[in-house]
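Here is a short tour to read with the sequence and the model side by side. Keep the viewer open and follow along as the text moves from charged pairs to packed helices.

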Amino acid sequence: MGQLEETVKSLLKLRSMSMRQLAAVTGISVSTISKMIAGKQRVNVDYLRRIADALGVSPITLAEAAGLPMTPEPLAIPEGEERQTAMNTFFEYLGLAHWDVLREEIERELEKYEAYAQTDEGRQLIAEKYHVKRGQIQGIGDFLRDLDDIYDLFSHPETPEDERRILASGILYFLLATDAIPDYLFPAGYLDDAIAMQMVRERLERRRKEREDPGTAGDAAF
């Protein structure tokens with residue numbers, strides 16, 4: 001019996017749940033759960049999260065049991081050339097695009113979501129989904145503080161509409177974007193989201209500088 005299967009079955013026993021009850025709660029078939037935890041089927045990260053939620057444990061507990069890649073410490077983003085070198089090395093290891101390419105992809109997504117934020121559908125999605133997804137993640141350091149700051153400023157009634165759209169683009173990226181780095185790489189999986197939040201700060205500061213003195217730019221800061 002593998003570690004994931006042993007962990008899930010131990011938690012089921014501890015909570016007096018059957019596999020059939022787990023399937024009903026998660027919406028995943030008994031057959032799929034059985035094959036996945038036994039290593040006969042590729043681990044589905046969304047399924048793993050649903051199972052963890054149903055069993056009352058952190059998704060990280062099951063991710064570790066499944067042997068998914070983990071990073072021991074929150075990832076800090078270096079500065080300057082050191083940042084680009086470190087990020088390129090990391091992305092090469094994951095088989096992903098380099099730092100500058102990733103930023104370009106995120107920039108395009110943010111522009112798309114800024115337009116979407118002007119629609120009733122975009123605003124409704126933020127209202128309905130933000131707190132749900134935000135409640136699913138914990139302990140990812142400055143990223144969560146940035147995300148909360150962005151949401152608080154977005155929600156503030158005195159925030160100008162043009163700034164609100166920029167802020168909303170970051171929230172929608174968090175909610176909707178297809179991750180360049182899979183979320184199961186805890187906490188590295190949220191690195192592209194963290195980069196997006198940083199870029200939202202930069203875009204917001206540029207917008208404020210343009211309003212005060214067109215043609216100028218400043219360091220990113222709220």
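Predicted model: local features only at pLDDT ≥ 70, side-chain atom pairs only at ≥ 80, totals over all residues.

Residues are numbered from 1 along each chain as its sequence is written, and side-chain values use heavy atoms, with hydrogens and water left out.

**Salt bridges**

Side chains of opposite charge can pair when their charged atoms come close. Here a salt bridge is a side-chain nitrogen of Lys or Arg within 4 Å of a carboxyl oxygen of Asp or Glu. By this rule the model holds 14 salt bridges. Three of them are listed here.

| Salt bridge | N to O distance |
|---|---|
| Asp120 and Arg123 | 2.6 Å |
| Arg208 and Glu163 | 3.3 Å |
| Arg211 and Glu163 | 2.9 Å |

Start with Asp120 and Arg123, which both sit in helix H8 (residues 120-134), three residues apart, or about one turn of the helix. Helices are DSSP runs of H or I with at least four residues, numbered from the N terminus. How accessible is Asp120? Asp120 is exposed, with a relative accessible area of 59%, whereas Arg123 is partly exposed at 37%. For these words, buried means under 20% relative accessible area, exposed means over 50%, and partly exposed lies in between (1.4 Å probe, protein chains only).

Now turn to Glu163, which pairs with Arg208. Arg208 lies in helix H11 (residues 191-212) and Glu163 in helix H10 (residues 161-176), so this pair ties together parts that are 45 residues apart in sequence. Both Arg208 and Glu163 are buried.

Glu163 also forms a salt bridge with Arg211. This second pair again links distant parts of the chain, with Arg211 in helix H11 and Glu163 in helix H10, 48 residues apart. Arg211 is partly exposed at 43% relative accessible area, while Glu163 has a value of 5% and counts as buried.

Which residues does Glu163 touch, not counting residues up to four places away in sequence? They are Leu204, Arg208 and Arg211, where contact means heavy atoms within 4.5 Å.

**Helices H8 and H10**

Helices H8 and H10 pack at an angle of about 60 degrees, and their axes are 10 Å apart. That angle makes H8 oblique to H10. Axes are lines fitted to C-alpha atoms, for helices over the stretch in contact, and angles run from 0 to 180 degrees between N-to-C directions. Under 35 degrees counts as roughly parallel, over 145 as roughly antiparallel, 65 to 115 as roughly perpendicular and the rest as oblique.

On the H8 side, the contact uses Gly122, Leu125, Ile126, Lys129, Tyr130, Lys133 and Arg134, and these meet Ala168, Ile171, Leu172, Phe174, Leu175 and Leu176 in H10. The residues of this contact divide into nine nonpolar, one polar and three charged. In this grouping Ala, Val, Leu, Ile, Met, Phe, Trp, Tyr, Cys and Pro are nonpolar, Asp, Glu, Lys and Arg are charged, and the others, Gly among them, are polar.

**A loop residue**

Finally, find Ser16 in the loop between helix H1 (3-14) and helix H2 (19-26). Ser16 is not a glycine, yet has a positive phi of about 55 degrees. Ser16 is also exposed, at 64% relative accessible area.

How values were computed:
Helix = DSSP H or I, 4+ residues; strand = E, 2+ residues; numbered from the N terminus.
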